[in-house]
Amino acid sequence: MIQIQLLETALLLGLYILLAGGYALFYTLAWMWHRSSIRIAAIALYGMHGLVAAGIVFWAPLWLGWKLLLIASSLAILAIPTITLHHLERTHGTGSLSA
Amino acid sequence: MRFDDPAFWRAGAISTILVMLCVLAMLTVDSLQAISPGGSHVPPYTVVNRHIDYVFDADKGIDVPVIGPSQPLFGKVLDAPAATAMMDKAKLVIQSRACMDCHTFFGNGAYYGPDLTKAWLDPDWEAWQSITGATTKEDAMVAFLKDPEKYATWTRKMPNMHLSDEEARAVVAYLKWTAAVDTNGFPPNFGHVHADR
Amino acid sequence: MYRSQKLAVKYLAAAIALFGVMTVAGLLSAYYYINPDFLFGMLHFNIAKILHIDTLVIWLLMGFMGAIYWFLPDELGREPVGIWLAEILFYVFCAAVAVVAVVFIVVQYGGSDQASLWFINQGRKYVEAPRWAALGVVAVMVVFGYNVIGTVIASRRMTGIVAVLMVDLIPLVALYLDAFPAVTNMSQDLFWWWWLVHLWVEATWEVLIGCIMALTLMQLLGTSRKIVESWLYIEVALVLGTGILGLGHHYFWIGTPNYWLGIGGFFSALEPLPLLGMVVHAVYDAGTHHMKATNRPALYWMMTEAFGNFLGGGVWGFMITLPQINLYAHGTQWTVSHGHFAFWGAYACGVISVAYLVVQKTRNSALVNGAAWKWSFAALNLGLIGMVGALLVAGMTQSFVERATGGSTLRAFIAGQEDPWFVSGMMLRFVFGLLFTFGYAILVYDLLTLGKRSVSVVAQPVSP
């Protein structure tokens, strides 16, 4: 039933952003602490985010425009931690931090 | 590098805000026309003299209000000034009694009581006519509003807000008008149980 | 200590006290769902809710004002101009809030006339306070603006943060003018009302808390001005760049044209992206200082602000912002779940962080730590998350039962409200509300006694 699918889509959308936040968090931690295990976790989280995005795009009864927006947002989400950290390092005048 | 210069970001902030505000201003001018009584989405107050329905439009995929033939409210056709006066009164009732701190209009307000957007069209009023001994839907609604504790719909009772006859009638007229507003399909599936589209 | 800073302490104390009133009114509002006959005929849900949401707005505003009054003299190097007027108005403000609250409780409603709107209850959400009190709020905010702008002129100094603050104050005060009209046409009423509510909490307040957090960061972590200002401009650009037209997500269903579905949905969907950047920034700041500062509660509450803003505003908002979904979720407990989480994360945590900073400075405590703040932190956040989770369950149930399958009628509404999942959700919400209240009590104890307790405050330099 389409209405039920829309409510399930809502949960997926929440998960979509939550995983994006998890990716941003772990990416930043990996950047600061230089730990490969944390970096792998960050990649895994982005991978899960991508799976959720794909699930929404292929399954959810949303209009095409929203699906395209989600794809574009996922690309932006991929870049946000890197761009933010580069700018943070530049403004703080520091190189990468060690633990 | 200019990205290190706060002035670059300040300029970015100012220009972004100005562009967005300009777009908002233009859309506001257009929207205000549409939502004025008689505009494309909001009917004139004299719509209370007509039959109101809410019907699924297959092309749009949503329910839309349908304004039908003459159906005077309380047996009396109101001209524009009289209808406006009734609406003005009703809105004062709604505000003075803080209705929107229990109920919602267009889904805005508080969520303790039901949404009132399409309350005029609620199928329950048919039953309330016999319960209240009223001959018309609007008289049943007035009877309910004047003594909601006596005509409680369920365990979460509406308290008596001490409405006068005039106030209750004005509120009923207001509810008939709001039912005719084009809300882009809100609330969904109205009156259709287990609808699957 | 400057007079302005003494006034700041008063504003923050009043804010924390009103936070308590808000909490009690919230518990009462929640209890009605469990026992609808409670105080029936004496005090109803709508009055409890009015007290809850109006004290929310006022305590946060007082918190913001307290923060600015605290930072302003150090920022501009002098006592703010006209501070004597602000000192008088503080007491007038508190008295007015008390009178309005008593009238809400004792008188409750008037007749359908202008006198009711002027003296008793205006009945418009968040701005129910009668017009005489709304005039008072305008006076307080105008004097606040005068304190800020007058001091900039008198000191012949301007910082980037103060410049942003000054520009932000103008729409902040101007938007409040929508607290006065009583427009008959509900569509029009709500159109302008959302200018006030959305452009406060998702625009001007975001900028205001951004300024406050920038000032706090400089004092708490010694971050350089150039860095915080640069980031403030970026935040302002991104938050207002998405939030101004994100206003459209309140224009889906109020009778406005359907182009708002696309515009509002699009910009609203972009709103979480700046919050992601905020999370990165917060983790970076925390990491560079290894979560150590001379004031751990202030730092932890500031971190919670960044994460809470992202979760409450970003994640919870994103779930329900697309119009196809919002059609079912709009005006349900799902909205309530989002509202509680977003207000908490975006604003309450920030004000609490400032309160701890100010307490440290006024009690001359070189190091602020201890057990009490941790208990308060845990109970408040767990309590809030519990409430939000319970409301999410209730809201999803309501969307499913009342809207998706039930037909959105009165019977459908009742079916949703009586659904076991809904009932359980509201019960759990109340239980977690009690936990939240417990956390609040410890917060008050901690703020009152910090620096005065014999143990846990040690004057030691802490290396960054």
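Reader: Leaving aside its neighbours within four places in sequence, which residues is B:Val171 in contact with?

Author: Happy to start there! This is a predicted model, where local features need pLDDT of at least 70, side-chain atom pairs count only at pLDDT 80 or more, and totals for chains, interfaces and linings use all residues. Residues are numbered from 1 along each chain as its sequence is written, while chains are lettered from A and ligands numbered from 1 in the order in which they are written. With contact meaning C-beta atoms, placed from the backbone, within 7 Å, the partners of B:Val171 are B:Ala90, B:Val93, B:Ile94, B:Leu145 and B:Leu163.

Reader: How many residues of chain B are in contact with chain C, and which element gives the most?

Author: On the chain B side, 70 residues are in contact with 68 residues of chain C. Elements giving two or more residues there include α2 (80-96) and α5 (165-179) of chain B; helices (H or I, at least four residues) and strands (E, at least two) are DSSP runs, numbered from the N terminus. With 14 residues, the element that gives the most is α1(B).

Reader: What separates the centres of domain 1 and domain 2 of chain B?

Author: Chain B is divided into domain 1 (2-34) and domain 2 (45-179), with bounds from an automatic or database domain assignment. Taken over C-alpha atoms, the separation of their centres is 41 Å.

Reader: Which element of chain C gives the largest share of the side that touches chain A?

Author: Here 32 residues of chain C are in contact with 33 residues of chain A. Among the helices supplying at least two residues are α8 (225-246) and α14 (372-405) of chain C. The largest share, 11 residues, comes from α10(C).

Terms used: Two residues are in contact if their C-beta atoms, placed from the backbone, lie within 7 Å.
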